[in-house]
Amino acid sequence: MLPTMWPLLQTWVDESIVVTLDDAARAMRVVADRVHVIAEGAAACAVAGAVSPNLAAHGHKKVVAVVSGGNIDLARFAALTRIE
């Protein structure tokens, strides 16, 4: 998250989950495999957080991940998700 965004969100957010770049890349693959959507890395972060063991450890059971945007070059997508 950009530091300039936090003041806009802090009223609405109680906690957050941090995901790695590898987590985001795995989420991109999961979204492509399961729902046939090509998601860019930023959009995949929502999915990575939703499937994170960290989220389940907090007792959250129902989660909504908003996935928008497909603004990624397909060659880059393939490289990140290791699809050949």
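This is a predicted model: local features need pLDDT of at least 70, side-chain atom pairs count only at pLDDT 80 or more; totals for chains, interfaces and linings use all residues.
User: Why is Asp23 called partly exposed?
Analyst: Because its relative accessible area is 25%, and buried means under 20%, exposed over 50%, partly exposed in between (1.4 Å probe, protein chains only). Asp23 sits in helix α2; helices here are DSSP runs (H or I, at least four residues) numbered from the N terminus.

User: Which residues of α3 are buried?
Analyst: Ala43, Ala44, Val47, Ala48 and Gly49. The buried residues of α3 pack against α2 and α4 (53-57).

User: What makes Asp73 a cap for α5?
Analyst: One of its side-chain oxygens lies 3.1 Å from the backbone nitrogen of Ala75, at the N-terminal end of α5 (residues 74-81). After α5 comes Arg82, with a positive phi near 60°.

User: What is the volume of the largest pocket?
Analyst: About 980 Å³. Of the 32 lining residues, Ile17, Val19, Cys45, Ala46 and Gly49 are closest to its centre. Lining residues have an atom within 4 Å of a point on a 1 Å grid, and a pocket is an open set of points where a 1.4 Å probe fits, with protein on both sides within 12 Å along at least five of seven lines.

User: Which helix gives the largest share of that lining?
Analyst: α3, with seven residues.

A note on conventions: residues are numbered from 1 along each chain as its sequence is written, and side-chain values use heavy atoms, without hydrogens or water. Local features need pLDDT of at least 70 and side-chain atom pairs pLDDT 80 or more, while totals for chains, interfaces and linings use all residues.

Definitions and conventions
A polar contact is a pair of N or O atoms within 3.5 Å; within protein, one must be able to donate a hydrogen and the other to accept it, and residues adjacent in sequence count only if both atoms are side-chain atoms. Helices (H or I, at least four residues) and strands (E, at least two) are DSSP runs, numbered from the N terminus. Grid points are joined across faces, edges and corners, and a volume is the space filled by probe spheres set on the points. Contact means heavy atoms within 4.5 Å.
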